[in-house]
Amino acid sequence: MGIDVDSMGGSQRVLHTLAQGFGERGHRTELIGIRPSPEPYRYHADPAYRHTTLYPAPAAPLRPARSLTERLGPARLLENRARRAERDRARARLAARFATAGRGYVVIGSPWAVDWLSAVDRPQLKGIGQYHESFAQARASANLRLILRHYPDLEKSLFLSEGDAADFRRQRLPNAAVMPNPLPFTPPRPPRSTPGGSAPSAGWRRSSGWTG
């Protein structure tokens, strides 16, 4: 699950790759985007997972108020009220889907998605939070605040390297673990060793994912 899962980007590719991998292995899988992309990209010609978007349209840009009078004016108040109502409808739609789900997991692709999801009940679904940047990047943005607020309540918090996970643990995030991003393709088998005992290397590495 993510805010926008259908634009062309690295974190979006990770979510589609994970969903495809789970689906191909026989798991009932649904990829949920909160907002539709204004420029969607098709990651799989034959997806093995269901795909749902909660909002009917991409987010309209919110023009900054030029004055306090404009910010508190009736037009801006009505606009904010409409945005809150649309958000509440999207959350209610997701809560209805979660209510029909059995025991399982929700893999959440970003701190902002975890923040949005925090108001939605998921009684039988354990949360797994991902973060696709470094600890240094999180510390330089609002992401660190969101991670430290929400990720301790999740089953696992997954980061890209052991160094990043260790930095988050030092910030009192005890459930920090490591899962490198999955490859979006199946790498070739490594070549057999030559008679002399050595083998050429193309520099790829197969990573094992975390399983609960």
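**View 1. An aromatic cluster in a predicted model.** Four residues take part here: Y131, F135, F159 and F168. Ring pairs link these residues into a cluster. Across the whole structure of this predicted model, a search finds six aromatic pairs.

**View 2. Y41 and Y43, an edge-to-face pair.** A pair of aromatic rings is described by the distance of the centres and the angle of the planes. For Y41 and Y43, the centres are 4.8 Å apart. Y41 is partly exposed, with a relative accessible area of 34%. Y43 is buried, at 12%.

**View 3. Y55 and W116, a tilted pair.** The ring centres of Y55 and W116 lie 6.5 Å apart, with 55° between the planes. Y55 sits in the loop between β2 (50–53) and α2 (68–71). W116 belongs to helix α4, residues 111–117. The pair therefore ties together parts that are 61 residues apart in sequence. Y55 is buried, with a relative accessible area of 7%. W116 is buried too, at 10%.

**View 4. Arginine charges over the rings of Y55 and W116.** Look again at the two rings of the tilted pair. Which charged end sits over the ring of Y55? The charged end of R35 does, 3.6 Å from the ring centre. Over the ring of W116 sits the charged end of R91, 5.2 Å from the centre of that ring.

Conventions
Residues are numbered from 1 along each chain as its sequence is written. This is a predicted model: local features need pLDDT of at least 70, side-chain atom pairs count only at pLDDT 80 or more; totals for chains, interfaces and linings use all residues. Side-chain values use heavy atoms; hydrogens and water are left out. Rings of Phe, Tyr and Trp (its six-membered ring) pair if their centres lie within 6.5 Å; planes under 30 degrees apart count as stacked, over 60 as edge-to-face and the rest as tilted. Buried means under 20% relative accessible area, exposed over 50%, partly exposed in between (1.4 Å probe, protein chains only). Helices (H or I, at least four residues) and strands (E, at least two) are DSSP runs, numbered from the N terminus. A charge sits over a ring if NZ of Lys or CZ of Arg is within 6 Å of the ring centre and within 35 degrees of the ring normal.
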